[in-house]
Amino acid sequence: MDKFRMIFQFLQSNQESFMNGICGIMALASAQMYSAFDFNCPCLPHYNLAYGLGILLVPPFILFLLGFVLNNNISMLAEEWRRPQGQRGKDPAVLRYMFCSMAQRAMIAPVVWVSVTLLDGKCITCAFCTSVPVETLGNASHPGLPQGEMKRVLARIPCKEIYNGQEFIANEVAVRYLRCISQALGWCFVLLMTTLAFLVRSLRPCFTQAAFLKSRYWSHYIDIERKLFDETCAEHARSFAKVCIQQFFEGMSTDLAATRCHPPRKAPADAGEATEKLLGITDQGTMNAALKSWHRCKPPLHLHPPALPSSNGWAGEKQPPVHPPAPRREMAAYYSRV
Amino acid sequence: MDRFRMIFQYFQSNSESVMNGICGLLALASVKMYTCFDFSCPCLPRYNMAYGLGIMFVPPIALFLCGLILNRQSLVMLEEWRRPQGRRKKDLAVIRYMCSSIMQRAMVAPVVWIIVTLLDGKCLICAFSSSVDPKKFVGFANTSPVQVQQLLAKVPCKDDELMRNNTSRKAVSRYLRCWSQALGWSILLILIVAAFLARWLRPCFNQATLLQARHWSNYIDIEQKIFEETCCEHSRLFAHKCILHFFESMRQEIKLHSFSLPREGEGAEGEEDLLRGITDQDQVNKLLKMWYYEKPPLDVRQVTQR
């Protein structure tokens, strides 16, 4: 128990830092993904906007959902939300706290992607190159083209190799302009997100500290209770299996001893632990029969086998498992001497 | 007890070093961010100033706020400031001390960004190239005002076709970079001298108050950490008792619904204890179903009063 207690304390104290670690890894992964991603603007009038905005907005959404999926606590939240009320009331404040803390962590990777995308500038350049103000930036002396043709020319701005509108507006001028706008948007976005995070963190102690302490305690409690319940069930399953198998071997050895008409070897008092562990099976034939029986006919999940002569014909559910085999052994011995 | 004492000492010594570490990491991150950032001046008359000054001042604000967010002590200070008085008086000197130490640490990363920006020079060249006096430079002295504005705005862009081999462009660029670096080094010198004086002269003023404020701010920090630790420990014990009580009540219920046979001897083994009277597949299924459909109430009074 002491060992479990130490492990639980470690997990609890480190649950937050573990989740923060995953958060940080996802943020780094998102920046790495962006740099590894080979951005290819289509350079066609309507496709540019779709592609650019798609690359800007779809991966963050995926990263956000991934943030939820990788969070272990999502199943805990779902369980707590959907359980029947029973004898324990449900506190919506606790559910809100759990959801908010998960959502905050899941938001970090998408925000990193959007910031990196905007600061890099390729997406906005691709998406909005057809909206560049040619009148102000371009060569005013040159006669303009019809609308559709101009859009086609402008759409090729991100693709320097095929750009053919140098006389209308220089490629570098347009790219610099768009990139400047993109970076300005990027830094404003970063500032906005940081301000929001700051406000969320600093307004909480000013207004709802008592409710926050309560929600935090009970959400930790639910987590620990679930883990402890799983531990207890695992311990129980282990004991159940151990006793079940022990009864199986004892049952086998007495059955086989009964059919072969020789008394089961009763371990002498000073035989030692090893002989006891043999559980009465001491020769090859018996062992093979036991293994075959284990495969062909596993014992029922019932620790007190029915049809004990001393139990009034009832499957003795409440008797401790150790005692039935002892009377059986004695009876078998008596029977075989006759 | 010994273990708790070791944990106290660990928290005491490490709170400051953790915060200093975060401060240093943010400063390094700010330098790294600047080097990764692809600075591209728009080279257009009014946009230059906005872009240059924006890049110089907006990221520091974001870094400052980050420094405040990542510092755990800022939350502790806010809680101490906003708590109801109750039975414990509030000491404003402690709150002021905590506030000043938080601010000092949060200011490091923004200052690093500004200094790196100034020493590099690109921002100032971009922002102030249009404000240079054209008469000082040969290439720009004899052009019309409108055109000179356009040309000066293009100075930061080396690869622009108009500016590619223009010697006056290089002259303007060098001039502005010189100013920028001078400003950067001056600011750095002033800050270091100010920090040096502050550290040296502090013991001359109010040393006793300072020691008290530092002690109590440490105390508040540790008290909060230990409270959280104790709550965790308590909730673990609560959960343990609650689950044991649940298993017990299941065992009682099973006893009630079946015949009770006299137990032949009470020599229970360790395994018997762990089985807690649940020895059947149906009983286990029933227990798990009860756990889901009807969680036990959060009340372990009977268990603790036994």
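**Exercise 1.** How do the residues of the lining of the largest cavity divide into nonpolar, polar and charged?

*Solution.* The model is predicted, so local features need pLDDT of at least 70, side-chain atom pairs count only at pLDDT 80 or more, and totals for chains, interfaces and linings use all residues. Residues are numbered from 1 along each chain as its sequence is written, chains are lettered from A and ligands numbered from 1 in the order in which they are written, and side-chain values use heavy atoms, without hydrogens and water.

Step 1. A cavity is a set of points on a 1 Å grid over the protein atoms alone where a 1.4 Å probe fits but cannot get out, and lining residues have an atom within 4 Å of a point.

Step 2. Among the lining residues of the largest cavity are Met19(A), Cys23(A), Gly67(A), Asn71(A) and Arg105(A).

Step 3. Ala, Val, Leu, Ile, Met, Phe, Trp, Tyr, Cys and Pro count as nonpolar, Asp, Glu, Lys and Arg as charged, and the others, including Gly, as polar.

Step 4. The lining holds 9 nonpolar, 2 polar and 1 charged residues.

**Exercise 2.** State which element gives the largest share of the lining of the largest cavity.

*Solution.* Step 1. Chain A has 12 helices and 0 strands; these are DSSP runs numbered from the N terminus (helices H or I, at least four residues; strands E, at least two).

Step 2. In chain A, α1 (2-36) and α4 (92-120) each give two or more residues to this lining.

Step 3. The largest share, 5 residues, comes from α4(A).

**Exercise 3.** Find what percentage of chain A is buried.

*Solution.* Step 1. Buried means under 20% relative accessible area (1.4 Å probe, protein chains only).

Step 2. Of the 338 residues in chain A, 38% are buried.

Notes. 1 Å grid on protein atoms, 1.4 Å probe; cavity = no way out; pocket = protein on both sides within 12 Å on 5 of 7 lines; lining within 4 Å. Buried < 20%, exposed > 50% of the residue type's maximum accessible area, 1.4 Å probe, protein only.
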